[in-house]
Amino acid sequence: AMSPATAMFPTSIESLDWGNPDHLVTVACAAFAAWCLVASWVTGTHSHVDRLWSITPAVYAGVYAYISAFDARCTLMASLVAVWGARLTYNFARKGGYSAGEQDYRWPVLQGLALLGNPVAWQIFNVSFIAAYQHFLLLLISAGPMSVAFAMRGTPLRLTGPDLIATACFISFLALETAADEQQWRFQNAKKEVKGFPRERRARDDYARGFLTRGLFKFSRHPNFFAEQGIWVSFALFAVLHGSGEDENFINGAFSRERWLSPRGGLGAILLVLLFQGSTRFTESITLKKYPAYADYRKCTSQLVPLPPFGTMPPFAKPRKLRD
């Protein structure tokens with residue numbers, strides 16, 4: 001049976017058990033958060049968590065797999081997270097995310113808001129959300145389900161039922177995210193006329209508008225965001241569907257409110273989905289100011305969940321210059 005959710009975190013320095021992977025990853029999370037906070041003070045930029053976003057979950061999952069003596073289920077789950085992390089790290093790196101001084105364009109915009117413009121208010125936000133909460137979220141989405149798998153170590157890995165469902169969903173969403181990121185990468189480079197990325201004639205209206213509305217982006221304005229959420233909901237299924245053990249009807253777990261709200265279950269995935277709701281709206285508020293035609297795109301395309309288009313994008317017409 002699963003131990004209580006509260007048992008995942010050490011309650012004091014004295015209670016730290018260095019042989020307990022739950023405690024190890026909690027200490028690692030605190031160290032990562034502290035490093036990002038200090039780095040933000042030293043550099044004046046705030047994308048240090050972004051640089052670690054694809055790395056820390058793989059580290060946490062790897063700790064559980066190692067301490068479990070590479071139990072089959074723990075190793076499968078850690079391998080899935082490692083593949084996700086390697087791909088996302090590669091995608092972030094090729095966009096220049098690890099370049100010195102580089103930071104997400106949204107942080108300066110957020111810092112300019114009236115509510116966060118005061119230096120003290122911004123530092124409170126920097127400490128509480130950027131450094132602490134984001135790292136805590138990365139811990140929950142990965143270590144939560146891994147903690148359940150670790151508690152079940154030694155039980156047979158059956159690629160039927162819960163393990164098959166969670167693995168198949170994870171891989172499907174990972175494939176979707178990969179395809180969406182690749183389409184966006186090729187479009188952005190062709191738009192900027194980067195050598196080796198020829199422009200497609202059928203996408204000429206999109207180049208003129210400044211944003212992609214074809215391929216997967218015809219059905220969702222943010223298919224990569226949707227896939228990222230799906231990946232971690234899928235990962236949570238390893239814990240939620242297994243629940244207390246192998247003997248029960250695993251379908252019951254899918255509807256268990258207690259398991260979805262447990263730190264050692266689906267809580268991390270739920271908090272991630274909620275975070276994406278706010279961050280997506282904020283991202284689009286910036287995009288609307290930069291690309292006026294984005295308003296038309298919003299009217300005919302689903303925000304996150306891929307759906308058939310609600311209408312068609314009007315052809316892009318450049319404003320005519322008045323003759324003297």
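## Briefing: contacts, rings and surface

S142 touches P57, Y60, W232 and F235, leaving aside residues up to four places away in sequence; contact means heavy atoms within 4.5 Å. This is a predicted model, where local features need pLDDT of at least 70, side-chain atom pairs count only at pLDDT 80 or more, and totals for chains, interfaces and linings use all residues. Residues are numbered from 1 along each chain as its sequence is written, and side-chain values use heavy atoms, with hydrogens and water left out.

- S142 lies in helix 6. Helices are DSSP runs (H or I, at least four residues), numbered from the N terminus.
- S142 counts as buried because its relative accessibility is 0%. Buried means under 20% relative accessible area, exposed over 50%, and partly exposed in between (1.4 Å probe, protein chains only).
- A121 is also found in helix 6. Its relative accessible area is 23%, so A121 is partly exposed.
- A121 touches L115 and L116, not counting residues up to four places away in sequence.
- Q111 is ten residues from A121 in sequence, and the two are 9.5 Å apart in space, C-alpha to C-alpha.

**Aromatic rings**

- The structure holds 21 aromatic pairs. Rings of Phe, Tyr and Trp (its six-membered ring) pair if their centres lie within 6.5 Å; planes under 30 degrees apart count as stacked, over 60 as edge-to-face and the rest as tilted.
- One of the pairs is F9 with F136, which is tilted: 6.1 Å centre to centre, with 45 degrees between the planes.
- This pair links distant parts of the chain, 127 residues apart: F9 is in the segment before helix 1, and F136 is in helix 6 (residues 119-151).
- F9 is partly exposed because its relative accessible area is 22%. F136 is at 34% relative accessibility, so F136 counts as partly exposed.
- W84, F170, W232, F235 and F238 are linked into a cluster by ring pairs.

**Charges over rings**

- R153 lies over the face of F150, 3.9 Å from the ring centre. A charge sits over a ring if NZ of Lys or CZ of Arg is within 6 Å of the ring centre and within 35 degrees of the ring normal.
- Y207 has the charged end of R199 over its ring, 4.6 Å from the centre.

**Helix 1**

- V42 has its place in helix 1.
- V42 counts as exposed because its relative accessibility is 68%.

Methods:
Helix = DSSP H or I, 4+ residues; strand = E, 2+ residues; numbered from the N terminus.
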